[in-house]
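Keep the viewer open as you read.

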Amino acid sequence: MTMFQNRKFTYYALTVCLTGLVYTFLCTALLDGQGQIIRAFVGWSPEEISLPVTVGRFLAVPMAVLCCRAFARSGVRGSLIICSALAALGCLGLVCSGAVSGRYWLFALSAAVIPCACVLVQLALAALCTQWFIRFRGRALSAAFLGGPLFSAVGAAALVNFVGVALGGDYRPFYLAVAVLLALLALVARYLLRDRPEDAGLYPDGEGRAPAGEGDGPASLARLMRDGRLWLVLLAAFMLAFAAAGVLEFLEGRLLAKGGGPTLLNRAAPWLALGAILSIPASYVFGWLCDRLGAVGTAILLGLGNLAAITLLWRFPKEIDLMTGLPLALAGAVVAGGTPVVLATCVGRVFGRMNAPVAGQLIYPAAVLALALTGPAGAALGGGERARLYAVLAAAACLGVLACLALLAPGRKNRQKDRE
């Protein structure tokens, strides 16, 4: 039976995926568009704008530990609702701190809360999809996380233009609208979603029976910590997330620095837009590969894609043309579209549906830490020709691939686990 033959499961599956899509669209808009909007319409210095965001990204690490513990103990929806409320409060804080009042302390607090809450929302969505899907997990995650590539295709610059033209430079109505949408999504999570399909009288993927091998319940974190696979997945998630975040952090800046030519093909904007558009099908392709090839094998392909992107950045051309811009756009699409889907699927595939929330208490905070470290690492290693930075990113991608290869080594029974 396919899940679409079970109408009740189809309803819940579509609700999970569509809710996730809207969530990730709004979260990406807040994460990517916040800095550009504030810089465009508020007179604070770049340091005053960027510092709270950096603090918020690091604050997300201990909060991810607490959230993942809540996922394992009491389900996902409660944490998703709380994180939605925090993100909405952060938006309201930006509204109240507006350029007229000049309350920087309120702006700094709100600007720190928003990235922290948005990261936690995305972790909750990954945990929710892990519980509802097994055979279709990769494709479900690609649908839920599609909002990120969709917003990237629209672009933060279009959002800034909308605020400047349609709202006359007053960003407060935009953040007020986002706060309202987040509140509505919290209501959807409360009344229309369920933590597990069993809570609605269903089974994962719309099957007519419970999955095999789940009768004993979840293992303890202490027991999983004695399993070498936990540390290999943690290493792979940290390294691949760090490499991917580094690529996406510096790709746009490098393109903009070189893409100032007079002709269309020599400009950065078309290649950035093409990469964002291609990340939409890339997200689905990686989800499909996770379901067909296995999540660990697909993570190796993702790591190789990271290495290709880093190599292209390292050997960056003096000018952008068709032969250099297209590979960069493709590499950016692979990294942006594949990373969140593959890493979340790996956790579920390697540890199974029951143990994924337990293992996530260590793995997800490690991935969040990798994202937070990207900016400081770029500042520390980005001098000169940035050779040191790209060497570090390449080493991280290689370590991630080696960890995935170790997971597939004979004797670990990972091939069987990878299909649970």
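Start with α5, where R137, G138, A140, L141, S142 and A144 are buried, meaning under 20% relative accessible area, with exposed being over 50% and partly exposed in between (1.4 Å probe, protein chains only). That's 6 of the 8 residues in this helix, which spans 137-144, so α5 is mostly covered. Helices here (H or I, at least four residues) are DSSP runs, as are strands (E, at least two), and they're numbered from the N terminus. Before going on, note that this is a predicted model: local features need pLDDT of at least 70, side-chain atom pairs count only at pLDDT 80 or more, and totals for chains, interfaces and linings use all residues. Residues are numbered from 1 along each chain as its sequence is written, and side-chain values use heavy atoms, with hydrogens and water left out.

Now look at helix α6 (residues 147-154), where G147, G148, P149 and F151 are buried. Just after α6 comes G155, with a positive phi of about 95°.

Back in α5, what does R139 pair with? Its partner is D291, in a salt bridge whose closest N and O atoms are 2.8 Å apart. A salt bridge here is a side-chain nitrogen of Lys or Arg within 4 Å of a carboxyl oxygen of Asp or Glu. This pair links distant parts of the chain, since D291 sits in helix α11 (residues 268-292) and R139 in helix α5, 152 residues apart. D291 counts as buried because its relative accessibility is 15%.

D291 also forms a salt bridge with R349, and there the closest N and O atoms are 2.6 Å apart. R349 belongs to helix α13 (residues 322-381) and D291 to helix α11, so this pair ties together parts that are 58 residues apart in sequence. Both R349 and D291 are buried.

How many salt bridges does a search of the whole structure find? The count is 8, and one of the pairs is R196 with E198, at 3.5 Å from N to O. Here R196 is partly exposed, with a relative accessible area of 22%, and E198 is partly exposed too, at 27%.

For helix packing, turn to α12 (residues 295-314) and α14 (residues 387-407), which pack at an angle of about 165° with their axes 9 Å apart. That makes α12 roughly antiparallel to α14: angles over 145 degrees get that label, under 35 is roughly parallel, 65 to 115 roughly perpendicular and the rest oblique. The axes are lines fitted to C-alpha atoms, for helices over the stretch in contact, and the angles run from 0 to 180 degrees between N-to-C directions.

Finally, the surface. Y11, I82, L86, L89, L92, L176, V180, L181, L184, L187, Y191 and L192 make a nonpolar patch of about 1100 Å². Patches are built from residues with over 30% relative accessible area and no salt bridge; nonpolar side chains (Val, Leu, Ile, Met, Phe, Trp, Tyr) are joined within 5 Å, like charges within 9 Å. The areas come from the Shrake-Rupley method with a 1.4 Å probe, and for residues only the protein chains shown count as cover. Helices α3 (77-96) and α8 (172-191) each supply at least two of the patch residues, and α8 gives the most, with 6. V180 is found in α8 and counts as partly exposed at 46% relative accessibility.
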